[in-house]
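Colleague: I have a model open and want to learn how to read it. Can we go feature by feature?

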Amino acid sequence: MRRGSAIILLFVCSAGCSLPATTFEAFRSQAADAATEVAAQARTAILLAHLAGQDRTLATATAAQLTDAEKTAATAVERFASVQPPDARANDLRARILPVLERASDAVTRMRFEAARGHTAALLRLRSSLLDAVEALERLAESTG
(Lines give C-alpha, C1' and ligand atoms only; values in the text may rest on other atoms or scores of the structure.)
Protein backbone atom coordinates (compact mmCIF):
# COMPACT_ATOMS: atom_id res chain seq x y z
CA MET A 1 0.00 0.00 0.00
CA ARG A 2 2.89 2.40 0.68
CA ARG A 3 4.09 2.12 -2.89
CA GLY A 4 0.64 3.05 -4.20
CA SER A 5 0.48 6.10 -1.92
CA ALA A 6 3.94 7.21 -3.00
CA ILE A 7 2.97 6.91 -6.66
CA ILE A 8 -0.20 8.94 -6.13
CA LEU A 9 1.75 11.64 -4.26
CA LEU A 10 4.35 11.76 -7.03
CA PHE A 11 1.62 12.07 -9.65
CA VAL A 12 -0.13 14.90 -7.79
CA CYS A 13 3.12 16.84 -7.38
CA SER A 14 4.20 16.32 -10.97
CA ALA A 15 0.81 17.40 -12.29
CA GLY A 16 1.52 20.92 -11.08
CA CYS A 17 -0.81 20.78 -8.12
CA SER A 18 0.57 21.96 -4.86
CA LEU A 19 -0.17 20.50 -1.49
CA PRO A 20 -1.36 23.01 1.09
CA ALA A 21 1.05 24.33 3.67
CA THR A 22 0.00 22.66 6.91
CA THR A 23 1.16 25.44 9.24
CA PHE A 24 1.66 29.17 9.09
CA GLU A 25 5.38 28.64 9.68
CA ALA A 26 5.64 26.37 6.63
CA PHE A 27 3.72 28.89 4.54
CA ARG A 28 5.90 31.74 5.82
CA SER A 29 9.00 29.78 4.87
CA GLN A 30 7.66 29.24 1.35
CA ALA A 31 6.90 32.96 1.08
CA ALA A 32 10.44 33.83 2.16
CA ASP A 33 11.89 31.36 -0.35
CA ALA A 34 9.82 32.83 -3.18
CA ALA A 35 10.75 36.39 -2.23
CA THR A 36 14.44 35.48 -2.09
CA GLU A 37 14.36 33.72 -5.47
CA VAL A 38 12.46 36.46 -7.29
CA ALA A 39 14.68 39.14 -5.72
CA ALA A 40 17.78 37.28 -6.91
CA GLN A 41 16.44 37.07 -10.46
CA ALA A 42 15.46 40.74 -10.37
CA ARG A 43 18.97 41.64 -9.19
CA THR A 44 20.32 39.69 -12.16
CA ALA A 45 18.08 41.72 -14.47
CA ILE A 46 19.22 44.95 -12.85
CA LEU A 47 22.87 44.02 -13.36
CA LEU A 48 22.24 43.06 -16.99
CA ALA A 49 20.54 46.40 -17.64
CA HIS A 50 23.46 48.21 -16.04
CA LEU A 51 25.93 46.35 -18.26
CA ALA A 52 23.81 47.00 -21.35
CA GLY A 53 23.68 50.69 -20.46
CA GLN A 54 27.48 50.74 -20.50
CA ASP A 55 27.63 48.85 -23.81
CA ARG A 56 29.35 45.96 -22.05
CA THR A 57 27.04 43.25 -23.39
CA LEU A 58 25.25 42.44 -26.61
CA ALA A 59 21.48 42.87 -26.82
CA THR A 60 21.03 39.24 -27.81
CA ALA A 61 23.13 38.01 -24.87
CA THR A 62 21.23 40.27 -22.48
CA ALA A 63 17.90 39.02 -23.82
CA ALA A 64 19.02 35.40 -23.47
CA GLN A 65 20.13 35.89 -19.88
CA LEU A 66 16.94 37.78 -19.08
CA THR A 67 14.98 34.85 -20.50
CA ASP A 68 16.57 32.59 -17.89
CA ALA A 69 15.89 35.10 -15.11
CA GLU A 70 12.31 35.51 -16.32
CA LYS A 71 11.64 31.74 -16.31
CA THR A 72 13.13 31.24 -12.87
CA ALA A 73 11.23 34.17 -11.37
CA ALA A 74 7.95 33.10 -12.98
CA THR A 75 8.39 29.56 -11.69
CA ALA A 76 8.97 30.84 -8.15
CA VAL A 77 5.86 33.02 -8.36
CA GLU A 78 3.72 30.20 -9.75
CA ARG A 79 4.97 27.75 -7.14
CA PHE A 80 4.16 30.14 -4.30
CA ALA A 81 0.82 31.21 -5.78
CA SER A 82 -0.31 27.59 -5.93
CA VAL A 83 0.24 26.94 -2.22
CA GLN A 84 -2.99 26.91 -0.26
CA PRO A 85 -2.70 29.16 2.80
CA PRO A 86 -3.49 27.23 6.01
CA ASP A 87 -5.09 30.08 7.96
CA ALA A 88 -6.09 33.75 8.01
CA ARG A 89 -2.56 34.94 8.87
CA ALA A 90 -1.25 33.10 5.83
CA ASN A 91 -3.99 34.67 3.69
CA ASP A 92 -2.83 38.10 4.84
CA LEU A 93 0.82 37.26 4.09
CA ARG A 94 -0.14 35.96 0.65
CA ALA A 95 -2.09 39.15 -0.06
CA ARG A 96 0.98 41.24 0.85
CA ILE A 97 3.69 39.29 -0.91
CA LEU A 98 2.09 37.90 -4.07
CA PRO A 99 1.51 41.28 -5.78
CA VAL A 100 5.16 42.25 -5.18
CA LEU A 101 6.37 38.90 -6.53
CA GLU A 102 4.20 39.32 -9.61
CA ARG A 103 5.28 42.95 -10.15
CA ALA A 104 8.97 42.03 -10.03
CA SER A 105 8.52 39.00 -12.28
CA ASP A 106 6.56 41.08 -14.78
CA ALA A 107 9.25 43.76 -14.81
CA VAL A 108 11.89 41.14 -15.66
CA THR A 109 9.69 39.98 -18.55
CA ARG A 110 9.29 43.54 -19.82
CA MET A 111 13.05 44.01 -19.55
CA ARG A 112 13.56 40.96 -21.75
CA PHE A 113 11.23 42.45 -24.35
CA GLU A 114 13.17 45.72 -24.40
CA ALA A 115 16.55 43.97 -24.50
CA ALA A 116 15.45 41.86 -27.45
CA ARG A 117 14.41 45.06 -29.25
CA GLY A 118 17.73 46.70 -28.44
CA HIS A 119 16.01 49.47 -26.46
CA THR A 120 18.67 50.21 -23.86
CA ALA A 121 17.02 53.40 -22.58
CA ALA A 122 13.77 51.54 -21.87
CA LEU A 123 15.75 48.75 -20.24
CA LEU A 124 17.39 51.27 -17.91
CA ARG A 125 14.02 52.83 -17.02
CA LEU A 126 12.64 49.41 -16.14
CA ARG A 127 15.74 48.71 -14.07
CA SER A 128 15.00 51.75 -11.96
CA SER A 129 11.40 50.69 -11.39
CA LEU A 130 12.55 47.17 -10.45
CA LEU A 131 14.77 48.45 -7.64
CA ASP A 132 11.74 49.28 -5.47
CA ALA A 133 10.27 45.82 -5.95
CA VAL A 134 13.59 44.18 -5.07
CA GLU A 135 13.89 46.18 -1.87
CA ALA A 136 10.32 45.28 -0.91
CA LEU A 137 10.98 41.58 -1.61
CA GLU A 138 14.17 41.59 0.42
CA ARG A 139 12.35 43.23 3.35
CA LEU A 140 9.55 40.65 3.07
CA ALA A 141 12.05 37.79 2.89
CA GLU A 142 13.82 39.04 6.02
CA SER A 143 10.61 39.58 7.96
CA THR A 144 9.06 36.27 6.95
CA GLY A 145 12.14 34.05 6.96
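Colleague: Let me start with one residue. In which helix does Ala-133 lie?

Modeller: Ala-133 lies in helix H5. Keep in mind that this is a predicted model.

Colleague: Is Ala-133 buried or exposed?

Modeller: Look at relative accessibility. Buried means under 20%. Ala-133 is at 1%, so it counts as buried.

Colleague: Which residues does Ala-133 touch?

Modeller: Skip residues up to four places away in sequence. That leaves Val-100, Arg-103 and Ala-104. Also compare sequence with space. Ala-133 and Ala-42 are 91 residues apart in sequence, yet 8.5 Å apart from C-alpha to C-alpha.

Colleague: Now a charged residue. Is Glu-114 buried or exposed?

Modeller: Apply the cut-off again: under 20% is buried. Glu-114 has 16% relative accessibility, so it counts as buried. Its place is in helix H4. Beyond four places in sequence, Glu-114 touches His-119, Ala-122, Leu-123 and Leu-126.

Colleague: Which residues of the largest nonpolar core touch the most other members?

Modeller: This core has 42 residues. Those touching the most other members are Val-38, Phe-80, Leu-101, Met-111, Leu-130 and Leu-137. Next, ask which elements build it. H2, H3, H4 (88-117) and H5 (120-144) each give two or more residues. H2 provides the largest share, 13 residues.

Colleague: What is Met-111 in contact with?

Modeller: Leave out its neighbours within four places in sequence. Met-111 then contacts Ala-45, Ile-46, Ala-49, Leu-66, Leu-123, Leu-126, Arg-127 and Leu-130.

Colleague: How many aromatic pairs are there?

Modeller: Ring centres must lie within 6.5 Å to pair. By that rule the count is 1 aromatic pair. The partners are Phe-27 and Phe-80, with centres 5.2 Å apart and planes at 45°, a tilted arrangement. Phe-27 sits in H2 (residues 24-53) and Phe-80 in H3 (residues 59-81), so the pair ties together parts 53 residues apart in sequence. Both Phe-27 and Phe-80 are buried.

Colleague: Which ring does the charged end of Arg-89 sit over?

Modeller: The ring of Phe-24. The charged end of Arg-89 is 3.9 Å from the centre of that ring.

Colleague: Back to H2. How far does H2 reach from its first C-alpha to its last?

Modeller: Check the span against 1.5 Å a residue. H2 has 30 residues and reaches 43 Å, close to the expected 44 Å.

Notes
Residues numbered from 1 in each chain as written. Predicted model: local features only at pLDDT ≥ 70, side-chain atom pairs only at ≥ 80, totals over all residues. Heavy atoms only, no water. Phe/Tyr/Trp six-rings, centres within 6.5 Å; stacked < 30°, edge-to-face > 60°. Helix = DSSP H or I, 4+ residues; strand = E, 2+ residues; numbered from the N terminus. Buried < 20%, exposed > 50% of the residue type's maximum accessible area, 1.4 Å probe, protein only. Lys NZ or Arg CZ within 6 Å of the ring centre and 35° of its normal. Core = buried A, V, L, I, M, F, W, Y, C linked by side-chain atoms within 4.5 Å. Contact = heavy atoms within 4.5 Å. Expected span 1.5 Å × (residues − 1).
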